[in-house]
Amino acid sequence: MDVADLRRLLSPEGLRLLDEVGRLDATADVVREVSALRKAGHDPGLVAAVLEQARLRSRAVAKFGEFADRMLFTPAGLEQATRLRVAAIHAGRFAEAGIDVVADLGCGIGADALALAALDLGVVAVERDEVTAAVASFNLAPFPQARVELGNAEDADLAGVGGVWLDPARRDGATRLADPGDWSPSLDWAFDLAERLPTGIKLGPGLDRELLPSSGEAQWVSVDRDVVELVVWSGSLARPGVGRAALVLGAHGAAELTAATDADDAAAGDLGEYLVEPDGAVIRARLIGDLARTLDGRMLDPTIAWITTDAAPHTPFGQAFRVLERYPLDVKTLKRELGARGIGTLEIKKRGVDVDPAQFRKRLALSGETSATLVLTRIAGARTAILAERVQ
């Protein structure tokens, strides 16, 4: 979306037409929509801008729910925006720390700023892209205590600000920037700021852990088993005694594992009656050992993030499976055994072995009416296949 499209959308006709069109999902007949709107006499440029927003609003429901119908988006802004559920947790931490004015540096379309303003916090949202800043201003319009400034994060006036939320830009157009020194602002600049003000820095969950500061709190967050972010908290926003955290959000609600440092691994042992695949946030936070100990479990192998237990595990921090059988990782053997069980639908999970699950599945020539899970891994260094069924 460019400035001309935004002006069209923000006109009385544009906003009225956007409300009339509503959401437009991927299955909608766009050609028919265009034809109908053109026939009604609407400008072609306006029609294109409105239909793009209608499609974006439909996609945005997954992150913003019903609030999406009252917001504007850019494609990149929507992709990078924090889910509203997660943004609300961020905002709650600022409120609990007693911070009443927050600077949101690199605010994008304003997702985190919205959550902060919804808690009656003052918000100074800074965005370097003109169109994105205007979109954020529209989205924040219902909150008089929030304002958007066009500019660079490094140049923001932080006088009167009690804390900072910072999401460095890690792309240059469509190109992902691998060097943290090329981010805007750079990671070094962000960590320097975090030493001076209570700060939450949103980063990609796969960040090289060697880059993490020695102080503060590193929190990995997963939503419905997808690890969506790493946040480095500093100052009063970092919890005392917590250096590593794994926050897991799902149908169960919210659950969190915390520790002062990376957890020591649990001892490896024999395959039990059950397997637990730790949530990605637990793995990223290196709290697998702590999870294993809470389940009275052990590792399958010292180098692999699978936990095994003898009693049925009940945990929000991983997926649980009941072990049905153990086999050598051999296609001929597995083809025969799976065929004998009539398994036609097979979920394949692999860790610690060099196997392409899609190609492996083809070689098994599956047929039958039953389903199962096949875990391809190592136990005490031996390549192993574990037939299992989900219990959680």
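I number residues from 1 along each chain as its sequence is written. In this predicted model local features need pLDDT of at least 70, side-chain atom pairs count only at pLDDT 80 or more, totals for chains, interfaces and linings use all residues, and side-chain values use heavy atoms, with hydrogens and water left out.

**Sheet.** I looked up the strand order first. 9 strands form an open sheet, ordered S3-S2-S1-S4-S7-S9-S8-S10-S11, with mixed pairing. Strands (E, at least two residues) and helices (H or I, at least four) are DSSP runs numbered from the N terminus; two strands pair if DSSP finds at least two bridges between them. The edges are strand S3 (146–150) and strand S11 (253–259), each pairing on one side only. From one strand to the next the twist averages 20°.

**Strand pairs.** I checked two of the pairings. S1 (residues 101–105) and S2 (residues 122–127) run parallel and are joined by 5 bridges; valine 102 has valine 123 in S2 as its bridge partner. S10 and S11 run antiparallel, with 7 bridges, and a hairpin joins S10 to S11 through 2 residues. There, alanine 245 has threonine 258 in S11 as its bridge partner.

**Helices on the sheet.** I then looked at what lies across these strands. Helix H6 (residues 84–96) lies across several strands, including S1, strand S4 (163–166) and S11, and runs at about 15° to S9. Helix H8 (residues 130–140) lies across S2 and S3, at about 170° to S3. Axes are lines fitted to C-alpha atoms, for helices over the stretch in contact, and angles run from 0 to 180 degrees between N-to-C directions.

**H3 and H4.** The axes of helix H3 (residues 30–39) and helix H4 (residues 44–64) come within 10 Å and cross at roughly 140°. That makes H3 oblique to H4; angles under 35 degrees count as roughly parallel, over 145 as roughly antiparallel, 65 to 115 as roughly perpendicular and the rest as oblique. I find Val30, Glu33, Val34, Leu37 and Arg38 of H3 in contact with Pro44, Val47, Leu51 and Arg55 of H4 (contact means heavy atoms within 4.5 Å).

**Serine 367.** Which residues does serine 367 touch, not counting those up to four places away in sequence? I find Gly342, Ile343 and Gly344. Serine 367 sits in the loop between helix H13 (357–364) and strand S17 (370–379). Its C-alpha is 6.4 Å from that of glycine 342, 25 residues apart in sequence.
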